[in-house]
Amino acid sequence: MELILSKNWHVPDQRKLSVAEKNGAYSSLKKIFGMTPLQVIEEVKASGLRGRGGAGFATGMKWGFIPKDNKKPVYLINNFDESEPGTFKDRMIAEKDPHMIIEGMIIASYAIGAHTSYIYIRGEYHRPWEILEEALKEAYAKGYLGKNILGSGFDLDIFQHRGAGAYICGEETALLSSLEGGRGYPRIKPPFPAIAGAWACPTIVNNVETLSNIPYIINNGGAAFKKIGTEKSAGTKLMSASGHINKPGVYEVEMGLPIRTFIEEHLGGVWKGRKVKGVVPGGSSFAPLTNDEAMRTNLDFESCAAAGTSLGSGGFYVMDDTTCMVRLLQFTTKFYAHESCGQCTPCREGSGWIFKIARRIESGNGRERDLNLLEDVCSNVVNGRTICVFADAMAMPVQGFLKKFRNEFEEHIRLGKCPHG
Amino acid sequence: MSFEFTTENKKKFEDFLRRYPQKKAALLPSLWLVQEQQGWISPESMEYLAGLLDLTPAHIFETATFYTMYNMKPIGKHHIQVCNSICCCLRGSEGVVQYLKKKLGVNVGESTADKRFHLSAVECLGSCGTAPMMQINDDYYEDLTEEKIDQILEKLK
Amino acid sequence: MVKIKIDDKEIDVPQGTTVLQAAKANKIDIPYFCYHSKLSIAGNCRMCLVQIKGQNKPVISCREQVREGLEVDTKSPEVKKMQKGVLEFILVNHPLDCPICDQSGECVLQDNYFKYSKSSSRLEDQKIHKPKDKPLGPLVTLDDERCIVCTRCIRFCDEIAKTHELCVTQRGGHSEVTTFPGKALKNPYSLCTVDICPVGALTSTDFRFKKRVWFLKTAKSVCTHCATGCNIKMDWDDASVYRYRPRENEAVNQCWMCDEGRLSYKSINDATRVLDPLMKKEGKLQKVEWNEALQKVLSVCGGSLGDVKVVGVLSAQSTCEENFALYHFIKNGFKNSKFLATKKEVKNSSHDNFLIDADKNPNTNFLPLISVGHLSGAADEFPTGGIYFVLDHLTEAQKEKIIAANPRLVVWMTSNLSESGTWADVILPKPTFAEQDGTFINRQKRIQKADKAFEPKGHAKPVWETLAELAQRLDKPVSWNSAETVFKTLAESVSALKDLSYLKIGDQGVMVS
């Protein structure tokens, strides 16, 4: 399989512009300045690239949403908030090949007509921020950023904007609120950011990995990208693998790789000679898969969706057969209780309540009615009842764990303690 | 105790303003700058920023308190933030928290008496592949064991 | 106009209306907390969720624009479950404070709960605790546990008061409304946040724990603190006023009022109320019976007065009825008359571009209609040796001028006495505007009616009643015998008020040409 994103991760000093250029960095720029922005968008549409941040929306289509008659400034935002539990692949790209990110942003900005672009980077990622600052400096010095890039007449500034510890700022409208200097409150959609985003101007928000794919698409053509992967999930995916496996880390796989193959051949199998109890393929905000389900599912959007979960951000973690799922659910619900922005009623109150029930069950003080209660509370926060889909992200793992591992919860309640000790 | 940016930080602040079409957008970077300068976001610093950004102090306060990384009170010099989230839990983060509590003699959310360390439990830090791990100020320390933790803390004065 | 359907009802609504507005206009109940007609849409309470035919996700009706053919369901089982769900979520952390909460009885949460839920609590865990009884400023106390973070108060301070003093801090279930540390909520309209708070989170420090609202009776009245004349609800019980709340009048004050005006009700209950007639005897004021006081007045006013002028000192603080009754009484009853008028002048008077007028006279535009000009300060303004009937208050300087003018008699009709008062010979207690019907003409030249709330306190008598009796005894009877009939006579005498009546003025007032 041809590597797209991690091709040069093994190269020492790939962070340095001079080294990256030798490996092809910024070679796409000459090409795009010979294309119209619309042609660039068409190429990305043809590639079938879908967003890599978690939602999987068609990237080319998103870029095309900028109104044709727009007279306001346009902004490109690189969503580097990467906070989905289990996910650490964007950090890897930045640490290993930052110039790929910048190159992708230049192409995207050109395509949508943005002259100021921002990288919204989570506050905790200080090292990646430093690395990118250095890379940006180099790019400016070389004339890849700033005024009249490569004599094209195209101006572009890229600035980094550090977050400060809020998962919700990965939600694109909350990101905009935070970029503008406020609390990370998601906004009611419509209007969508492409129409009215940052400072009420047309804005496109793309994930780091999504943008990192763009140079390849320009250099090799959309069709070439489309050939890789599956019918509905083109290209490769960076999987962030963690949990009870022998070889955690970031892996670039072709879309469609069976989970079984991924675990056995790439991840060195389950640690300590144990067996798979459950798998979360795409980050904590979706339902887990049982071992049986995981062994029948592939790493692409459509297969995961058919299995009742999602490829999401590719935050892939494995739970072995000694894992207490009740305990894991407690940690999962704790995450959402901490990260709820608190703007709307169901999520603000529901997130804390769900966590408290889960914690009570884990501590041995659960009651039989708590399981139905959890399910009912979840049903009261999902599907449009809240301002954003954080509440759905909170509810799906709860509903999933209860559905797939209900007997464990019942046992906890019956025994009045954790059967795993 | 009034607050003012150092000359160097004032220059950085001016640079922030040039990056955004509206002043308010410079707020998050400015809060980072305040924290770099004095370790925490004091009421005086918030009033100072309000003046610089043409906002009310309430604007600054509401934004600063939304985010977990801005310290709203002074804390120990080395802020130990242990990832306490799902994937780190799978790889023993609870043990790390317990070990640090015992070693430092503090609870989560407290600073040591000599103000050398502050212990926090935080959510996913994006380092699940090298769990369990912790962040101390700007730096990540990964694949932790008790020995490693001892070595790391030993070096931090 | 577009045609939409809400439940079974087909209605025509203007383009640009929201579903919630359309429902309200057609008396269809959709519950809400965070929506307020004068504030931006927050869409955070989620109480107004409804279903739209053809859409699988519900929408918040406060934000959903109408369009041709829209079909809305507000009563389906799903909508009912959502309403119960939102109420349950609010009550997860909301304390069961009703027995000690001022808002009880006028609480949107109580009302919505009883109408749309009535479900028992399923919470078996600890509620989140937050600061209770926190002074936000001199006039507003906050109970953070009761707060449902609807942000109405925040939006009010942003959009109406334009001060951004309030903010939501922290996040998630720990969100707390507060001010910047050390700063108080003290914009001049701060108590409006208490009006609009749908629960008992923001309470008036002044009103706190004073009276259960179901004991209060409400009169439709007008604030008398300045010339704006904000429409108010005067809440009272047992001949005491407990508070003012703004009353909606789009043309005057929308639904707001300032704190100063709101707290001016205190003068009605004030200990300085004069409740009995007083007469100066041996240099001191003594309580007398009405008859004795009136006899004294008649002894000076009765009979031929020659050139003696009877002077009416009218007031822009008093109602049209009070002023006109005195004016008419004097004009009708005496050959030589003169009319002067006082108005309250305040140094460095508070004022703004909104509702606070520097002119602190509620009836600022009545006296010009009967061509009575305000005291100019001219040396010979007060006729020497005259008989003075004075309405309301004089400044020290004005009192000295009257005394210097060697009056035959000074009759002072007032409701409050906070000075020695010995510059007057007879003090006749009159009720405040809370204890009588009356009208005021405000700065916009709008005539507005303040309804009587309760009977005059003590032995106070309306000015028109006192003067009607005096007129009767002077053999110059007047035709009026109530505030309303005084107004009728007034309307017949003044062309600008022609054809007006209390009925026509209604509770929203009428512009005067």
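Domain bounds here come from an automatic or database domain assignment. With that settled, I looked up chain A and got domain 1 (17-227), domain 2 (236-320) and domain 3 (325-415).

Ground rules before going on: this is a predicted model, where local features need pLDDT of at least 70, side-chain atom pairs count only at pLDDT 80 or more, and totals for chains, interfaces and linings use all residues. Residues are numbered from 1 along each chain as its sequence is written, while chains are lettered from A and ligands numbered from 1 in the order in which they are written.

**Chain A, domains 1 and 2.** I found their C-alpha centres 27 Å apart. The contact (C-beta atoms, placed from the backbone, within 7 Å) takes 12 residues from domain 1 of chain A and 16 residues from domain 2 of chain A.

**Chain C, the sheet.** I traced seven strands in an open, mixed sheet, ordered β15-β14-β20-β19-β18-β16-β17. Strands (E, at least two residues) and helices (H or I, at least four) are DSSP runs, numbered from the N terminus; two strands pair if DSSP finds at least two bridges between them. In chain C, β15 (284-287) and β17 (337-342) are at the edges with a single partner strand each, so one side of each lacks a neighbour in the sheet. The twist averages 20 degrees from one strand to the next, with axes fitted to C-alpha atoms (for helices, over the stretch in contact) and angles running from 0 to 180 degrees between N-to-C directions.

I then checked β16 (residues 310-315) of chain C: six bridges join it to β17(C), and the two run parallel. C:Gly312 has C:Phe339 as its bridge partner in β17(C).

Terms used. Contact = placed C-beta atoms within 7 Å.
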